[in-house]
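Me: I have a structure open and would like to learn how to read it. Please take me through the features in turn.

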Amino acid sequence: MTIELQAQPAPESSEAATFFPPPITQLSNVAYLVGAPIAHSSSPKLHDSISSSSGIPYAQILAETKDLESFMAYLRGHPITPRLLGSGVTMPHKVSVLPYLDHLTPEAEIVGAVNTIFFRHSDTGAREMWGMNTDVIGIRDAFLSNLDEKAIGITRGKPGLIVGGGGTCRAAIYALERYLGCSQIYIINRDRKEVEAVIRDTKTNLEIRHITSTSEVEGLEGPGLVISAIPDFEPSTPSETMVRDILELFLSRQPVDERGAVLEMCYHPSPETRITKLAEGYGWKVIGGLEAMVGQGLEQAKMWAGVEVTRELRAAAKAAVMPR
């Protein structure tokens, strides 16, 4: 692993200064999801569906904490029973988890963020902790399974636009370059330092441009695919308002027959967000974040439990988490 960060314990005054292991004695195989806040997450429900449909018994348990150091120590010394399969990793830990891992898969090293931990044994028999990024697969599948060949053809060779600068942004860059044929990446985000870190840490052959004003949009080629990776909120600060104004300008100025798709990664508390309403108002196809969550969860299940991902399994998993 080539990425080096200084691991830090949670401050004693933080709201999650201590990690408390959840009850697991009733399970035969367990995976976790670590992050904060995650009480709303549909991931355990998704994995329950995958387990039921595949016939492979396992469950995912929420580990809501900001105390990543204690959680990772718990994984290292996990009880023998139930069998530990791995863990999902979500915000705010997708980047800060890197120093705790023994190895990264190639895509995780390129992305510079991890959303999945799994275990493998070394040649000496030692159990090693690996990090991978299945968000990349979720983003790819969300677009490819919801756009026809004509729509995909229109978007290939055009820039991709990402709203946000966190761990999901890094996975989005990889997916847009590797699988979706984007020519360059635009990022809009309220925090300049976050974007600078993304540009510094993410390995890509594409030009990444941080767009910071509406005047910069004029003269730029419009994006074909847009990924929103921020919470749903009403802008209140000047920087937040500027991000929304830039996004609206990109969405509105694109010729109607060249408007592609917006993937809204936020689905809590509702998959209908301010950004989905904005995009739909300008005639863009909107894809909900639950689509990406299903794709990345199926990839996790394949890695953790050897689940074979079939069309039928994907349909059942999607039905389990989609709003009725």
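Reply: Start with the nonpolar core: a set of buried Ala, Val, Leu, Ile, Met, Phe, Trp, Tyr and Cys residues joined through side-chain atoms within 4.5 Å. Buried here means under 20% relative accessible area. Keep in mind that this is a predicted model.

Me: How far does the predictor trust the model, and where is pLDDT under 50?

Reply: The mean pLDDT of the protein is 91, and 95% of its residues reach 70 or more. Over residues 1–14 pLDDT stays under 50. For that stretch the model has 23 contacts beyond four places in sequence.

Me: How many residues does the largest nonpolar core have, and which have the most contacts inside it?

Reply: As a general idea, nonpolar side chains in soluble globular proteins tend to be buried together. In this structure the largest nonpolar core has 31 residues, and Ile-139, Phe-143 and Ile-187 have the most contacts inside it. At least two residues of this core come from each of helix 4 (135–144), helix 6 (167–178), strand 8 (185–188), helix 7 (192–201), strand 10 (225–228) and strand 11 (261–264). Helix 6 gives the most, with seven residues. Another core, of 26 residues, lies apart from this one and includes Phe-19, Leu-68, Leu-75 and Ile-117.

Me: What is Ile-139 in contact with, leaving aside its neighbours within four places in sequence?

Reply: The contacts of Ile-139 include Thr-168, Ala-171, Ala-172 and Ala-175. Ile-139 is also in contact with Ile-227, Leu-263, Met-265 and Ala-292.

Me: Ile-227 brings us to strand 10. Which way do the residues of strand 10 point, and what does strand 10 pair with?

Reply: Strands of a sheet pair through backbone hydrogen bonds, either parallel or antiparallel. In strand 10, Leu-225 and Ile-227 point one way and Val-226 and Ser-228 the other, and all are buried. Strand 10 pairs in the parallel sense with strand 7 (residues 160–163) over four bridges, with Gly-160 opposite Leu-225. Strand 10 also runs parallel to strand 11, joined by four bridges; there Val-226 has Val-262 as its bridge partner. Together with helix 9 (residues 238–253), strands 10 and 11 make a right-handed β-α-β unit.

Me: In what order do the six strands of the open sheet lie, and which are the edge strands?

Reply: The order is 2-1-3-5-6-4, and the pairing is mixed. Strand 2 (59–64) and strand 4 (103–104) are the edge strands, each pairing on one side only. Six bridges join strand 2 to strand 1 (residues 29–35) in the parallel sense, and Ala-31 stands opposite Gln-60 in strand 2. Helix 1 (residues 43–54) packs on the sheet, touching strand 1 and strand 2. The direction of helix 1 makes about 165° with that of strand 2.

Me: Why is strand 3 largely enclosed by the rest of the structure, and what does it pair with?

Reply: Strand 3 (residues 83–89) is largely enclosed because six of its seven residues are buried. Strand 3 runs parallel to strand 1, joined by six bridges, and Val-30 has Leu-84 as its bridge partner. Strand 3 runs antiparallel to strand 5 (residues 116–121), joined by three bridges, and Ser-87 stands opposite Ile-117.

Me: Which strands does helix 2 (residues 68–76) lie across?

Reply: Helix 2 lies across strand 1, strand 2, strand 3, strand 5 and strand 6 (127–132). Helix 2 runs at about 135° to strand 6.

How values were computed:
Residues numbered from 1 in each chain as written. Predicted model: local features only at pLDDT ≥ 70, side-chain atom pairs only at ≥ 80, totals over all residues. Heavy atoms only, no water. Buried < 20%, exposed > 50% of the residue type's maximum accessible area, 1.4 Å probe, protein only. Contact = heavy atoms within 4.5 Å. Pairing = 2+ DSSP bridges. Right-handed = clockwise from strand over helix to strand, strands pointing away. pLDDT = per-residue confidence, 0-100. Axes fitted to C-alpha atoms, helices over the stretch in contact; angles between N-to-C directions.
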